[in-house]
Amino acid sequence: THSGTLEGKTVLITAGPTYEAIDPVRFIGNHSSGKMGFSLAEEAARRGARVILISGPSSQTLHNQNIELHKVTSAKEMLAKVFEFYDRIDIGIASAAVADYAPKEVAKEKIKKNDDNLTIELVKTPDILKTMGEKKTHQFLVGFALETQNEEENAKGKLEKKNLDMIVLNSLRDEGAGFKNDTNKIKIFTKTEKKEFDLKSKDSVAKDILNFVESQLLK
Ligand code: PMT
């Protein structure tokens, strides 16, 4: 089913966490495994799309050899890689859990544990998806929202602020949703629509998301 429905389309997907270096041995990261993004990449490829997958550190592997995988580490690197391709994509899906802050300076040597307290100054990282939204010409943009409270309000706010066509909400309040699990539970919002889905495997969630994207492209 659905084979060939994305034939001729180029889909760019961000996946996984980013790691922001503190010193040569330490980083700030998060619990993203990359599973959601890799499932989306596999499903888009199955539907005939050219797939560009830009992933932070992840141990996920790909089955489809045609997916173009670009591994990055930090938010800055992810931003630069996305914009190598941005003009030429039809659909952009941001499932990466990008660090919002990074150490202002990376210590050249391993930080010694001399003091009882250690303060690390953090600065904002680039918002990759927001930048994509600002530079949008023809691209159909899909964001994710990972929330713990005021979920729907926050998701709709991100849809608006980042100039997206569609946003996928997952809440850490739902058992089996979000990070690491093989399952997820989502709600999809556009400016005018809302659709709620049951808890299911990330492979099935990827199908639901791409079905929804395809239905929007036909409008
Ligand atoms: O990788 P898994 O373990 O399978 O987990 C999947 C997931 C929980 C990571 C995924 O489903 C998900 O929700 N990804 C988005 C996580 C996130 O960072 O959400 P956010 O609400 O903080 O960000 C909103 C959107 O802006 C996201 O599309 C995010 O990719 C993007 N963003 C955020 C910050 C930033 N600096 N750059 C971005 O592009």
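Ala, Val, Leu, Ile, Met, Phe, Trp, Tyr, Cys and Pro count here as nonpolar, Asp, Glu, Lys and Arg as charged, and the others, Gly among them, as polar. The model is predicted. Its mean pLDDT is 96, with 99% of the residues at 70 or more. It scores ipTM 0.99 and pTM 0.97.

**Exercise 1. Describe the shell around the ligand by residue, element and class.**

Step 1. Start with the residues. The ligand has 27 residues around it, and Ser33, Lys35, Ala94, Ile128 and Leu129 come nearest.

Step 2. Assign elements. Two or more shell residues come from each of α1 (35-46), α3 (128-134) and β9 (140-147). The largest share belongs to β9, with 4 residues.

Step 3. Sort by class. The shell holds 12 nonpolar, 10 polar and 5 charged residues.

**Exercise 2. Work out how α1 and α5 are oriented to each other.**

Step 1. Two packed helices are described by the angle between their axes and the distance between the axes.

Step 2. Read the values. Helix α5 spans residues 202-217, and α1 packs on α5 at about 60°, with the axes 8 Å apart.

Step 3. Classify. Roughly perpendicular starts at 65 degrees, and roughly parallel needs an angle under 35. The two helices are therefore oblique to each other.

Step 4. The crossing of α1 and α5 is right-handed.

Step 5. List the contact. Lys35, Met36, Ser39, Leu40, Glu43 and Ala44 of α1 meet Lys202, Asp203, Ala206, Lys207, Ile209 and Leu210 of α5.

Step 6. Sort the contact residues of α1 and α5 by class. They comprise 6 nonpolar, 1 polar and 5 charged.

How values were computed. Residues are numbered from 1 along each chain as its sequence is written. This is a predicted model: local features need pLDDT of at least 70, side-chain atom pairs count only at pLDDT 80 or more; totals for chains, interfaces and linings use all residues. A residue is near a molecule or strand if its C-beta atom, placed from the backbone, lies within 6 Å of it. Axes are lines fitted to C-alpha atoms, for helices over the stretch in contact, and angles run from 0 to 180 degrees between N-to-C directions. Angles under 35 degrees count as roughly parallel, over 145 as roughly antiparallel, 65 to 115 as roughly perpendicular and the rest as oblique. A crossing is left-handed if the near helix is turned anticlockwise from the far one by less than a right angle, and right-handed if clockwise. Two residues are in contact if their C-beta atoms, placed from the backbone, lie within 7 Å. pLDDT is the predictor's confidence in each residue, from 0 to 100.
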